[in-house]
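Please look over the sequence and the structure below before reading on. The briefing that follows takes up single residues and then the whole chain.

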Amino acid sequence: MTSLFVESLISGITLGAVYAVIAMGLCLVYGVSKIFNFCHGTMFTLGAYFAWLCINRFHLNYGLTFLIVLPVMFGIGLALERIVIHPLRWKSDWQFTTIVATLGVAILLENMIQIVFNPRTKMLPPILEGTAGIGGYVISRHEVIIFFVAILTIVLTQFYLTKAKTGMAVRAVSQDTEGAQIVGIRVDRLFSYTFGISVVMAAIGGILMAPKFYITPSGGWVPLIKGFIIVCFGGLGSIPGTLYAAFILGIFEAMVSLYIGPLWVFPFWTLLFILILSFKPRGLLGAWG
C-alpha cells in the first residue's frame, strides 16, 4: 500500500505540473483581458492532433514535433486574437461578447477537427518507453519526462513574465490597462502575444497528456473545465495561486483515483472547490476584479 501511495503521489505531482501549464495559459489571458477563453480546451486538442500528424503520419520524433507544432499554435493564437477578438474590443460589453465568441470558435473548431481527422480515438506513443526506479519506487519514464517538460515550461513562462520587456508589460497591463497605455505600452500587441502564448501552453498540455489519454475531437472540454476550476481555486489572475491550485488538485486527483476510483475525481474536485470558495471566496491568492 505504501508503494502504491508513493507512486500515486508522484503521478499526482506530474499531473499537477501539466495542469499548471494548461491553467497558466487561461490565467494569462484572464489577467490581461479579464475574459475567459472558452476555446482553450480546443487548442489543447488541436495541439495533440497536430502532434499525432507529425509523429504518426510523418514519423517525426517528439523534439521535431514540438519545434513544428508550437510555432504553428502560436500563429493560430495570434490569428484568433486578430480575427475574432480584436474587432469585438471596440464594442460595448465586449468582454461578454468575446466569451461567447470564443465558445462559438471552440464548437466550430471541434467540428472541423472531427471532419479532418474523423471521430475515431487516436493516441500518441510515450515520449520515453520503460520505467525508472526512484528511491526504490517504480515510475514510468514518460511520467518523468512530462514532469520536467512541464516544469521547464512553467519556469520559462515565469522568467518571461519577470525578466523580459514584453513579459513585464503583460504584468503591467494585467494590473492597470489604462495606466499601461498612458506610459506607452502597446496594449493591442500584448493582447495578441498573450493569446499566442496561451494557445502554445494549451498545446504543450495536449501533447504531454495525449500518450496517457486518448485524443478525441471533444477531448478538450475536460481540460478546459479543470483549468477553469484551477484558475478560480487559485484566484483569478494570480499565477502563484494557479500553480498552488494545480499541484493541490493534481495530487488530490491521484489520491481519489487510488482510494475511491477515477469516476469520483470530478465530484470530489467540485466538492473541494466549493469548500475552498466557501472560506476564501477570492480563491487561495485571489486577485479578482
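In this predicted model, Lys-34 is partly exposed, with a relative accessibility of 28%. Lys-34 sits in the loop that joins helix H1 (2–33) to H2. Its phi angle is near 60°, which is a positive value in a residue other than glycine.

- Asn-118 is not a glycine, yet its phi is positive, at about 65°.
- Asn-118 belongs to the loop between H4 and strand E1 (131–134).
- The relative accessibility of Asn-118 is 32%, so this residue counts as partly exposed.

- His-40 has its place in helix H2.
- His-40 counts as buried because its relative accessibility is 2%, and the limit for buried is under 20%.
- Leaving aside neighbours within four places in sequence, His-40 is in contact with Ile-22, Gly-25, Leu-26, Ser-198, Ala-202 and Leu-224.
- Thr-45 is also placed in helix H2, which covers residues 40–57.
- With a relative accessibility of 3%, Thr-45 counts as buried.
- Not counting residues up to four places away in sequence, Thr-45 touches Ile-113, Thr-216, Pro-217, Gly-219 and Gly-220.

- Phe-74 is part of helix H3, which is made up of residues 62–85.
- Is Phe-74 buried or partly exposed? Its relative accessibility is 28%, so Phe-74 counts as partly exposed.
- Which residues does Phe-74 touch, not counting those up to four places away in sequence? They are Tyr-193, Gly-196, Ile-197 and Val-200.
- Between Phe-74 and Gly-196 there are 122 residues of separation in sequence, while their C-alpha atoms are 4.4 Å apart in space.
- Pro-87 is in the loop between H3 and helix H4 (94–117).
- A relative accessible area of 39% makes Pro-87 partly exposed.
- Apart from its neighbours within four places in sequence, Pro-87 is in contact with Glu-81 and Arg-82.
- Pro-87 and Ala-254 are 167 residues apart along the chain, and 43 Å separates their C-alpha atoms.

**A glycine between H10 and H11**

- Gly-261 is found in the loop that links helix H10 (239–259) with helix H11 (265–279).
- The relative accessibility of Gly-261 is 12%, so Gly-261 counts as buried.
- From C-alpha to C-alpha, Gly-261 and Ile-127 are 27 Å apart in space, and in sequence they are 134 residues apart.

**Cysteines**

- How many disulfides does a search of the whole structure find? The search finds 0.
- A disulfide needs the two sulfur atoms within 2.5 Å.
- Cys-27 counts as buried because its relative accessibility is 2%.
- Cys-54 counts as buried too, at a relative accessibility of 7%.

**The protein as a whole**

- The protein has 11 helices and 2 strands.
- Starting from the N terminus, the order of the elements is α-α-α-α-β-β-α-α-α-α-α-α-α.
- The radius of gyration of the protein is 19 Å, which agrees with the value near 19 Å that a compact globule of 289 residues would have.
- The C-alpha trace spans about 60 × 50 × 35 Å along its principal axes.
- Of the 289 residues in the protein, 47% are buried.
- Among contacts with a separation of 6 or more, 76% are between residues 24 or more positions apart.

**Surface and charge**

- The protein has an accessible surface of about 13800 Å². Carbon and sulfur atoms account for 70% of this surface.
- The protein has 17 positive and 10 negative charges.
- How far apart are the mean positions of the positive and negative charges? They are 5 Å apart.

Technical notes
Residues numbered from 1 in each chain as written. Predicted model: local features only at pLDDT ≥ 70, side-chain atom pairs only at ≥ 80, totals over all residues. Heavy atoms only, no water. Helix = DSSP H or I, 4+ residues; strand = E, 2+ residues; numbered from the N terminus. Rg over C-alpha atoms; globule rule 2.2 N^0.38 Å. Buried < 20%, exposed > 50% of the residue type's maximum accessible area, 1.4 Å probe, protein only. Contact = heavy atoms within 4.5 Å. Areas by Shrake-Rupley, 256 points an atom, 1.4 Å probe, with all protein chains shown as cover. Lys, Arg positive; Asp, Glu negative; His and termini not counted. Charge placed at Lys NZ, Arg CZ, Asp CG, Glu CD.
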